Structure formats: structure tokens, C-alpha cells
Amino acid sequence: MTSSPPPDFSTSEPPPSAPKGQVSAEQPKQSSLKGNSRLGDGLFFGLSAGSGILLLAIMAAIAAFLIWRSGIAISKDQTNFFTTFGWDPDNILKPSFGIAVLAFGTVVSAGIAMVIAVPIAIGIALFISHYAPRRIAQPFAYLVDLLAAIPSIIYGLWGALFLVPHLNGLNSWLNDYLGWTYVFKLSQSGAPARSLFTVGILLAIMVLPIITAVSREVFRQVPRMHEEAALALGATRWEMIRTAVLPFGRPGIISASMLGLGRALGETIAVATVLSSSSVLSLHILDAQGGTFAQNIAAKFGEAGSLGKDALMAAGLVLFVITLLVNGAARLIIARRKEYSGANA
């Protein structure tokens with residue numbers, strides 16, 4: 001009996017290919033996924049670019065509108081727009097208005113607010129992120145966020161009904177011990193504390209939650225290895241914060257401060273509720289009244305005539321430019337801090 005030869009597996013035929021005009025089952029899935037991905041990327045790119053262009057167009061339209069209306073008002077102004085103290089644009093015989101008092105009041109009140117709010121906000125943010133136990137830090141953080149959501153009119157009413165009557169003692173103390181500086185000299189003893197100093201304190205309370213919330217989130221993003229490395233080298237907790245946390249969070253602190261400054265510069269209702277409007281410019285901040293850009297626009301827009309509204313638009317244009325300059329300066333400062341190595345960790 002002869003054995004049959006073994007089967008030859010070396011010349012096995014390839015699997016039959018799909019007929020011409022048809023594709024395999026895997027190929028359309030891959031091509032459809034690539035097509036959907038490209039379509040999604042294109043849509044996302046278009047929406048992103050369109051949003052950026054729309055934002056620029058809106059800002060350009062606002063600037064063009066303010067420049068147009070401001071040009072009408074300034075061309076009819078009989079005085080110097082930048083140095084005049086009074087505000088009487090609807091005077092038929094001699095329209096006169098200027099921003100000297102408004103610019104001074106806006107800058108001084110916002111400066112007082114930032115001097116008070118920024119150190120306190122950084123301290124609160126560090127306490128929540130690095131010192132307080134979790135069971136205390138969490139409710140405290142919720143409370144800070146809740147303060148940021150309170151409407152401006154509530155702050156204004158609280159400032160007018162509570163803060164103004166209770167600041168007479170502080171004003172007297174500052175006058176007794178710091179009156180020699182001329183800035184804290186109280187020229188009218190016993191007068192209601194409706195001054196730029198009171199407005200600065202109120203604005204500090206209003207911007208404090210914003211700066212605290214942003215700074216807290218920045219401090220929580222500090223790489224854990226940086227903190228542990230500092231502690232491993234024998235640093236105390238404060239030394240670790242000073243050498244690792246604060247340098248890393250400096251751009252965020254600047255951004256948070258500029259965000260708070262933007263609200264302080266543009267706050268309207270709360271300032272209008274507390275501050276007594278005046279056309280007198282005084283360096284005595286304890287009894288200096290005056291006004292701010294936003295407060296002046298809110299207080300006089302309803303009763304202003306045609307030229308008066310154009311003059312208010314001119315004041316709004318100055319505030320618009322100041323806000324752009326502040327934000328631009330903040331971006332420049334942050335850009336100079338990008339070389340810090342911890343920001344790339």
C-alpha cells in the first residue's frame with residue numbers, strides 16, 4: 001500500500017478579493033471617521049475664528065460709536081475737556097464740561113480699593129488653599145464665591161446706611177494721627193463720610209471676593225513636587241509659600257488684581273449711592289467728594305440733553321481707554337513672567 005503525498009501548504013491561494021467597484025467593510029469605516037474628524041476640526045476652527053472676529057468687530061463698533069459722539073461734544077465744548085472741573089454741557093450760552101474731577105475720583109477710589117483688597121485677598125486665598133483644614137476651607141470658599149454674586153445695589157445700600165455712619169470714628173482717628181500727611185487731614189469735622197475714602201473701602205469689599213477666588217484657584221495649581229521639594233530642604237510653611245507658591249502664582253495674582261481693578265473702575269450703582277457728587281477737586285480724601293466716570297454717567301444721563309449725552313459719551317470713551325490701558329499693562333506684566341520655570345511644569 002502506497003501512502004498519499006502530504007498536502008502542499010506553500011502555494012495556498014489568497015482569499016478572494018472583493019469584486020471591482022466594491023470596497024471592504026473596514027475601509028469605509030476608517031474613511032468616514034477621517035471625514036467626520038476633518039469636518040469637526042473645520043467647524044471648530046470656523047466657530048473659534050468667527051467668535052474672535054466677532055469680538056473684535058464689537059469692540060471696534062463700540063470704539064467708533066464713542067469716538068463719533070465724543071467728537072460732536074468736544075467740538076462744541078467752550079473749555080478744556082481734560083482740565084475743566086465743572087460739568088455743564090447743556091448750557092446754551094457756554095457749554096462747558098471736563099473730566100478732571102471724574103478722572104481724579106475714579107483713579108483715587110480704585111487705587112484705595114486695590115491697596116486694601118489685594119493683600120487681604122491674597123491672605124484669604126493662601127489660608128483657604130494651604131492653611132485651613134478641608135472641613136473649614138470648603139465652606140469658606142463657598143462663602144467667598146457667594147459674596148462675589150451679591151448685586152451692586154445691595155453693596156450700595158449697605159454702604160450708605162451702615163458704612164457711612166460708622167466711619168466717622170475712623171476718619172477722626174486718621175485725622176488725629178495721620179493728619180500731618182495732608183492726605184488724611186479732615187477739613188470738615190462731623191460731616192457725613194460720603195467721600196472717596198468711603199467709596200474706596202466699599203469698592204475694596206466688592207472686589208475682594210473676585211481677587212480671592214481667582215488667586216485661590218491659581219494657588220491650587222502649584223505643582224505638588226515644588227512644595228514638597230521646598231519642605232524637604234527644611235523650609236517652613238511660610239518659606240515654602242514665599243519661594244514656591246507666590247512666584248508660581250504671580251501671573252495669576254496680577255490677572256486677578258486687574259480683574260478686580262476693572263470692576264472698581266467701572267462700578268456705578270454702589271458708588272452713586274454712597275458718593276456725594278461735587279465739582280471740587282480736593283486731596284483730602286477723607287472728605288473729598290467729586291465723582292467717577294461711571295457714577296457721573298449714571299447720575300446725569302436721564303436728565304441730560306442732546307449735547308449732554310454726547311458729553312457723557314466722551315467721558316465713557318475716556319473710561320474705555322483707561323480700561324484698555326490697564327488690561328494691556330497687565331498682559332505685558334504677565335508676559336514678562338513667563339520665563340519662570342514653574343509655569344511650565
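What volume does the largest pocket have? About 610 Å³, and a few notes on the rest follow.

1. Ground rules. This is a predicted model, where local features need pLDDT of at least 70, side-chain atom pairs count only at pLDDT 80 or more, and totals for chains, interfaces and linings use all residues. Numbering starts from 1 along each chain as its sequence is written, and side-chain values use heavy atoms, with hydrogens and water left out.

2. Overall build. You're looking at 11 helices and 2 strands (DSSP runs numbered from the N terminus: H or I of at least four residues for helices, E of at least two for strands). Along the sequence they run α-β-β-α-α-α-α-α-α-α-α-α-α.

3. Of the 345 residues, 37% count as buried (under 20% relative accessible area, 1.4 Å probe, protein chains only). Take contacts (heavy atoms within 4.5 Å) between residues at least 6 apart in sequence: 74% join residues at least 24 apart. The protein exposes about 20,400 Å², with carbon and sulfur atoms supplying 66% of it (Shrake-Rupley, 1.4 Å probe).

4. The pocket. On a 1 Å grid over the protein atoms alone, a pocket is an open set of points with protein on both sides within 12 Å along at least five of seven lines, whereas a cavity is a set where a 1.4 Å probe fits but cannot get out; lining residues have an atom within 4 Å of a point. Volume is the space filled by probe spheres set on the points, which are joined across faces, edges and corners. The largest pocket has 23 lining residues, with Ile 128, Ser 129, His 130, Arg 134 and Arg 220 nearest its centre. Two or more lining residues come from each of α2 (100-131), α3 (134-148), α6 (196-220), α7 (224-232) and α8 (237-266); α3 gives the largest share, 6 residues. By class, the lining divides into 11 nonpolar, 3 polar and 9 charged (Ala, Val, Leu, Ile, Met, Phe, Trp, Tyr, Cys and Pro are nonpolar, Asp, Glu, Lys and Arg charged, the others, Gly among them, polar).

5. The cavity. Helix α2 supplies the largest share, 3 residues, and the classes come out as 6 nonpolar, 5 polar and no charged.

6. Arg 263. This residue sits in helix α8. Its side chain makes a polar contact with that of Ser 152 at 3.4 Å (N or O atoms within 3.5 Å, one able to donate a hydrogen and the other to accept it; residues adjacent in sequence count only if both atoms are side-chain atoms). Leaving aside residues up to four places away in sequence, Arg 263 also touches Ala 148, Ile 150, Met 206, Val 207 and Ile 210, among others.

How values were computed:
Buried means under 20% relative accessible area, exposed over 50%, partly exposed in between (1.4 Å probe, protein chains only).
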